[in-house]
Amino acid sequence: MSMEYDIFVGTNSVRGSRGIYTLRLSRGQLALRHTHAAYNAGYLALHGRRLFAVSEGMTFDGAASGGVLAYAVRPDGSLRETGRVASGGQRPCCLCADASDVFVSNFYGGQCRAFPYDRDGLLSPARLTIDEAPLPGLPRALHCVGLLPEGRLGVVSLGQMALLVYDRMSGARIAAYTPGDGLHPRHFAVSPDGGTVYLLMQEPAELHALALDGGRLRLVAKRRLTDDALVFGASAVRVSPDGKQVVCAVRDGARLYVLRADDLAVQQTITLPGAVPRDVAFSPDGQFLAAAMQGSDSVCVLRAADGALRVCAELGGIPSPASLALREVEP
Amino acid sequence: MTQEKRIARLETRAEAEETMARFARLASCGRGGDIPEALFSRRADASIEYGASGPYIGFPKLSTFFEKDVRPGRFSMLLLSNPAVSIGADGVPRGTWDALGIDLDAGELSSTAPDAQTLPLLTSAAPDGARYRAEWTVQRFLVDFVREDGALRIWHLQVLDYLRAPMDSDFVAFARARWATDGARLDALFTSNRPFAEGVLPENLPQGGSTFHWQYHPDALPPEQ
């Protein structure tokens with residue numbers, strides 16, 4: 001099995017950022033391999049040898065819009081742009097990809113769009129737009145979007161303060177989960193067997209485990225991560241590839257919470273080196289977890305051993321890292 | 001209409017034009033930071049929208065547009081023209097101005113080194129490779145005024161960012177090239193030289209998406225607005 005990994009890091013365009021960084025993790029050491037110019041690559045998604053990124057801005061190619069970019073990943077981890085398209089809304093903040101489409105959530109305007117891509121990675125105009133009016137008093141805005149099993153799509157809507165489930169092809173709404181109590185949903189991750197959705201609230205930082213049951217979402221467990229007053233709040237949740245652990249990042253205090261997946265018991269609390277963990281991501285084999293430390297311009301890596309995560313590598317000089325995607329290096 | 005009302009309307013129109021002239025003068029003499037206090041409304045819904053920026057609403061947010069370091073080699077000038085001012089039934093004006101602008105930053109030619117964040121905005125280069133900015137801009141200003149304590153103040157300002165180009169290029173040739181730096185430019189425009197207060201998120205985002213945006217493109221028709 002390969003013990004080398006490419007870590008793709010999307011950055012915000014501040015403090016001299018050079019866009020998307022490719023780091024190589026080899027024998028527990030991190031090194032910068034490549035950079036690819038990009039404006040506000042605030043979220044990344046890998047699908048096979050393709051990397052997709054949002055251009056999280058107010059303008060894209062002269063329009064009042066953000067953008068979506070598609071890249072072919074070369075064997076050495078460098079990127080070649082294969083497609084670009086306006087996202088149809090400003091500040092697109094999240095995206096995910098299946099074998100035929102890239103799904104993008106636009107923060108402003110609150111529209112989620114599906115952009116087909118062909119086998120050359122060329123992006124086409126949107127084939128589907130999901131656009132729901134917000135509830136009274138709430139903004140027309142979206143946050144996270146992610147794939148769910150059986151052709152479904154999950155979208156965190158700030159206009160509904162809910163996780164909404166749609167059919168990926170038709171855009172028909174199938175289900176909704178509203179956490180209530182003033183909770184502000186932000187990010188979610190799905191268990192490898194597709195049976196559980198872990199929905200993270202930004203502030204207060206709280207995790208809800210939802211059973212995906214016949215297209216419906218049912219709360220089965222929840223865990224308050226901290227009672228501290230938060231300014232930044234929680235940022236990201238990921239499930240380990242073996243499905244046994246859920247990891248949540250809380251930006252205040254640079255905290256990482258490792259929870260047992262079946263009952264959300266907190267197994268480990270880690271204070272990461274650096275500041276403001278904006279994203280975390282596991283390697284495909286679950287051996288490593290990377291954290292994007294937005295406030296300290298660094299990326300750190302933790303190794304999984306004996307049921308615990310421990311910091312094993314750190315690399316600075318990466319301005320405002322905001323998003324991560326990992327792959328094993330091709331032999 | 002009585003003669004008194006006609007005179008009042010003419011005086012209000014002149015007052016609006018003088019307000020915008022003061023705006024242009026302060027901007028061109030390194031006193032842009034004084035503009036909010038001197039000219040803007042303190043209403044909670046006072047706003048600025050620039051190009052595709054989306055609206056920045058409220059005095060602290062809109063002030064970030066003006067709070068900039070005065071550095072050697074920076075100079076900007078607004079030449080306002082074509083005033084079209086209408087007076088509402090309540091006697092409060094609104095108007096539009098076209099503006100030819102000059103936006104200069106000596107960048108790497110200055111004795112003060114530019115910070116890394118502004119490097120992408122230096123769109124010209126000297127023979128020795130030193131980067132700097134010397135751009136023309138063509139804009140339209142849309143202004144709603146409000147009267148507060150007897151004085152006319154800017155309530156909503158929207159700047160339509162039609163054209164910009166380095167002086168050694170032209171607007172048509174640069175129309176596509178500018179896409180690469182449009183986002184960074186908007187970010188820089190709403191980056192204050194004052195630090196963020198403690199206990200608040202260190203980011204300055206608009207309170208919504210763009211209400212209107214048009215910029216020149218070789219395939220674009222003129223804007224309807």
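Predicted model: local features only at pLDDT ≥ 70, side-chain atom pairs only at ≥ 80, totals over all residues.

Mentor: Residues are numbered from 1 along each chain as its sequence is written, chains are lettered from A in the order in which they are written, and side-chain values use heavy atoms, without hydrogens and water.

Trainee: Is S124(B) buried or exposed?

Mentor: Buried means under 20% relative accessible area, exposed over 50%, and partly exposed in between (1.4 Å probe, protein chains only). S124(B) counts as buried because its relative accessibility is 5%.

Trainee: With which residues is S124(B) in contact, beyond its neighbours within four places in sequence?

Mentor: Contact means heavy atoms within 4.5 Å. On that basis S124(B) touches A130(B), R131(B), Y132(B), P166(B) and D168(B), those neighbours being left aside.

Trainee: How many cavities of 30 Å³ or more are there?

Mentor: On a 1 Å grid over the protein atoms alone, a cavity is a set of points where a 1.4 Å probe fits but cannot get out, and lining residues have an atom within 4 Å of a point. Grid points are joined across faces, edges and corners, and a volume is the space filled by probe spheres set on the points. The count is five. The largest cavity holds about 120 Å³, and its lining has 13 residues, with Y43(A), R186(A), H187(A), S235(A) and R278(A) nearest its centre.

Definitions and conventions
1 Å grid on protein atoms, 1.4 Å probe; cavity = no way out; pocket = protein on both sides within 12 Å on 5 of 7 lines; lining within 4 Å.
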